[in-house]
Amino acid sequence: MAKSTFFISLNLTFLFFSLVTASYYQSISPTLLGFREERLTHLHFYFHDVVTGPNPSMVIVAEPNGKAKNSLPFGTVVAMDDPLTVGPERDSKVIGKAQGIYTSISQEDMGLMMVMTLAFSEGEFNGSTLSVLGRNMIMRYPVREMAIVGGTGAFRFARGYTEGKFHSVDFTTGDATVEYDIFVYHY
């Protein structure tokens, strides 16, 4: 009897401390936050990385010693504020911006590590963002895939992927237009 009372007391003590230590969180249903059924959305637009002209949309913020002209050698860091448009033309309707950084990550190939926020300024997704993170081997693969790792506004709890491919690129100047297809789950 004393043995079973001891184990009951021990179990109750364990349960009490488990409840006390777990008090900083709770599991909740997405409906408590006003979220309805999750949906899959496909977005299609163009990204313009402009190097030339009076108002470039990207700037080199760090470069390795001995940087060669007109290239992005290993270790180069670039900040971008690139327009996103409905069509491939630069004067096409702007629907947002790609803002972030990319870094040259490969010593053999032209490979970039992209860390960017796609900030939408038009339509249903005005004020919402998607966060993109991934390796972008721009010369090795005609279509490159990167992860959607989050979002804000209409894209809260977002997850998915983006596919990017060159629509046009000028390898002399570095100006590029990239076509993006995004597939994203969100509420």
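Predicted model: local features only at pLDDT ≥ 70, side-chain atom pairs only at ≥ 80, totals over all residues.
Figure 1. By residue class, the lining of the largest pocket comprises 17 nonpolar, 6 polar and 4 charged residues. The volume of this pocket is about 550 Å³. Its lining is made up of 27 residues, and those nearest the pocket centre are Asp49, Val51, Leu72, Tyr102 and Gly174. Two or more lining residues come from each of strand 1, strand 2 (58–62), strand 5, strand 8 and strand 9. Strand 9 gives the largest share, 3 residues.

**Figure 2. The second largest pocket.** A volume of about 180 Å³ is computed for the second largest pocket. Its lining consists of Val50, Thr52, Asn55, Pro56, Ser57, Asp81, Pro83, Arg90 and Lys97. Sorted by class, these lining residues are 3 nonpolar, 3 polar and 3 charged.

Figure 3. Met80 belongs to strand 3, which covers residues 77–85. With a relative accessible area of 6%, Met80 is buried. Met58 is 22 residues away from Met80 in sequence, and the C-alpha atoms of the two are 4.2 Å apart. Residues up to four places away in sequence left out, Met80 touches Phe47, Asp49, Ser57, Met58, Ala98, Gln99, Gly100, Ile101, Tyr102, Met114 and Met116.

**Figure 4. The aromatic pair Phe47–Tyr180.** The structure contains 11 aromatic pairs. In one of them, Phe47 and Tyr180 have ring centres 5.4 Å apart and an angle of 55° between the planes, a tilted arrangement. The pair joins distant parts of the chain, with Phe47 in strand 1 (residues 39–49) and Tyr180 in strand 9 (residues 176–186), 133 residues apart. Phe47 and Tyr180 are both buried.

**Figure 5. The aromatic pair Phe120–Phe155.** The ring centres of Phe120 and Phe155 are 5.9 Å apart and the planes meet at 55°, so this pair is tilted. It too links distant parts of the chain: Phe120 is in strand 5 (residues 112–120), whereas Phe155 is in the loop between strand 7 (144–152) and strand 8 (159–169), 35 residues apart. Phe120 has a relative accessible area of 7% and is therefore buried. Phe155 is likewise buried, because its relative accessibility is 0%.

**Figure 6. Phe125 and the aromatic cluster.** One aromatic cluster is formed by Phe45, Phe47, Phe120, Phe125, Phe155 and Tyr180. Phe125 sits in the loop between strand 5 and strand 6 (129–136). Its relative accessibility is 11%, so Phe125 counts as buried. Apart from neighbours within four places in sequence, Phe125 contacts Arg39, Thr41, Leu43, Phe120, Ala154, Phe155 and His186. Phe125 and Phe155 are 30 residues apart along the chain, with a C-alpha separation of 8.2 Å.

**Figure 7. Arg144 over the ring of Phe166.** Arg144 is placed over the face of Phe166, 4.6 Å from the centre of the ring.

Figure 8. Phe157 is not a glycine, yet its phi is positive, at about 65°. Most residues other than glycine have a negative phi. Phe157 has a relative accessible area of 53% and is exposed, because the cut-off for exposed is over 50%. Phe155, in the loop between strand 7 and strand 8 as well, is buried.

**Figure 9. The chain as a whole, for orientation.** The chain is built from 1 helix and 9 strands. Read from the N terminus, the order of its elements is α-β-β-β-β-β-β-β-β-β. The chain has 187 residues, of which 32% count as buried. Of the contacts between residues at least 6 apart in sequence, 48% join residues at least 24 apart.

Methods: Residues numbered from 1 in each chain as written. Heavy atoms only, no water. Phe/Tyr/Trp six-rings, centres within 6.5 Å; stacked < 30°, edge-to-face > 60°. Helix = DSSP H or I, 4+ residues; strand = E, 2+ residues; numbered from the N terminus. Buried < 20%, exposed > 50% of the residue type's maximum accessible area, 1.4 Å probe, protein only. Lys NZ or Arg CZ within 6 Å of the ring centre and 35° of its normal. 1 Å grid on protein atoms, 1.4 Å probe; cavity = no way out; pocket = protein on both sides within 12 Å on 5 of 7 lines; lining within 4 Å. Points joined across faces, edges and corners; volume = space filled by probe spheres on them. Nonpolar A, V, L, I, M, F, W, Y, C, P; charged D, E, K, R; others polar. Contact = heavy atoms within 4.5 Å.
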